[in-house]
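Take a look at the model below.

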Amino acid sequence: MKLTRAVLSDIKRALCSAGFVCCVLAVFVMCFTNKIGVDPRTMDALTIPAVLSRPELIKQDVHYCAFQVFTAGSPLWVTMFTPVLAAFAYVPLLCDERRSGFGRMLIARQGKTGYAAGHAISAMLTGGITMLAGFLLFGIAVYLLFPSLQSYGAEQASAFLAEQAYRYPPAVSGQMSAGSFAPVLLMKFAEMFLFGAFSALPALFCTAFTQNKYTVLCLPFFAAYVWSQLHARLSAKFARSASEHMTFLRFLDISRTDAMLSAAERNTLQILLLHGGTALLLILGFCILMQRRRDCGA
């Protein structure tokens, strides 16, 4: 009961902060940089603002309907800055709490384990809510700015649904073929929430070593950037002899920083096991390190 009250109090404090509002708006704005198509003349990638400036392209191509724009965009900038955005609303508050020494009183009430576990749960929930809220705002904007699938006519809509059904699991694709988008949207919301929850943990883990909020937020960002660059080089190198390194290439595919955003479409179990196991290690590491501190309030 104490843990539940502590988590609810921490989440309320984080969601009422200016940092949460700024992060939600940042996610919302960055989603508009998603690449959603290709220019048929120049073959250059098109972002949402570029497509909006060409209404004739939207009218001709069913792949620019609101559903497709919302679910199939490539969120490059969002995934790059997620380690900061998912943690910014909560982790700095934890650093301030520990710097002020207020954590000593909380530990006296909750115990060391409850104190560390409460912060881990609160950080994950806040990170997930932050990403989900920004994604929801983006979805509302897309619904208002782009035409619905029905506006393209029955023949184009039917061909589009048949094409999209192959991207999703059988249970979901069956409902899509019947014209129901609710399962896909719920699946996308769940993926974004889990992505945000997982992305908040590296910054939380860093707070076990330092109270400097800038260091805590920057280190996960640089680590994610380095891994994404290394991942791209390794993928390009081993793709030349794919038949000999198929197992390693599968591992690279599920270990992408944004793999959680496609967890329901492919390699679901492997992605959840890898990222879930990593999350568990980060939480256990944070709890163990916090318990071993002599002055747990600092």
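The largest nonpolar core of this predicted model holds 48 residues. Tyr-64, Phe-67, Phe-138, Phe-146 and Leu-149 touch the most other members. Helix 8 (residues 103-145) gives the most to this core, with five residues.

Neighbours within four places in sequence are left aside here. Phe-138 is then in contact with Phe-28, Cys-31, Phe-32, Asn-34, Ile-48, Val-69 and Phe-70. Phe-138 also belongs to a cluster linked by ring pairs. The cluster joins Phe-28, Phe-32, Phe-70, Phe-135, Phe-138 and Phe-189.

How many aromatic pairs does the count come to? With ring centres required to lie within 6.5 Å, the count is 15 aromatic pairs. One of them is formed by Trp-77 and Phe-81, and it is stacked because the ring centres are 6.2 Å apart and the planes stand at 20°, under the 30 degrees that stacking requires. Trp-77 and Phe-81 both lie in helix 6 (residues 76-88). They are four residues apart there, so about one helical turn separates them.

Are these two residues buried, partly exposed or exposed? Trp-77 has 40% relative accessibility and counts as partly exposed. Phe-81 is partly exposed too, at 27%.

| Residue | Relative accessibility | Class |
|---|---|---|
| Trp-77 | 40% | partly exposed |
| Phe-81 | 27% | partly exposed |
| Cys-218 | 38% | partly exposed |

Helix 6 also packs against helix 2 (residues 18-31). Their axes are 10 Å apart, at an angle of about 170°. Angles over 145 degrees count as roughly antiparallel, so helix 2 and helix 6 are roughly antiparallel to each other. Which residues meet in this contact? Helix 2 brings Gly-19, Cys-23, Ala-26, Val-27, Met-30 and Cys-31. Helix 6 brings Trp-77, Val-78, Phe-81, Leu-85 and Phe-88. By type, the contact residues divide into ten nonpolar, one polar and no charged.

Cys-218 lies in helix 13 (residues 213-238). Cys-218 and Val-84 are 134 residues apart in sequence. In space, their C-alpha atoms are 7.2 Å apart.

Terms used:
Residues are numbered from 1 along each chain as its sequence is written. This is a predicted model: local features need pLDDT of at least 70, side-chain atom pairs count only at pLDDT 80 or more; totals for chains, interfaces and linings use all residues. Side-chain values use heavy atoms; hydrogens and water are left out. Rings of Phe, Tyr and Trp (its six-membered ring) pair if their centres lie within 6.5 Å; planes under 30 degrees apart count as stacked, over 60 as edge-to-face and the rest as tilted. Helices (H or I, at least four residues) and strands (E, at least two) are DSSP runs, numbered from the N terminus. Buried means under 20% relative accessible area, exposed over 50%, partly exposed in between (1.4 Å probe, protein chains only). Axes are lines fitted to C-alpha atoms, for helices over the stretch in contact, and angles run from 0 to 180 degrees between N-to-C directions. Angles under 35 degrees count as roughly parallel, over 145 as roughly antiparallel, 65 to 115 as roughly perpendicular and the rest as oblique. Contact means heavy atoms within 4.5 Å. Ala, Val, Leu, Ile, Met, Phe, Trp, Tyr, Cys and Pro count as nonpolar, Asp, Glu, Lys and Arg as charged, and the others, Gly among them, as polar. A nonpolar core is a set of buried Ala, Val, Leu, Ile, Met, Phe, Trp, Tyr and Cys residues joined through side-chain atoms within 4.5 Å.
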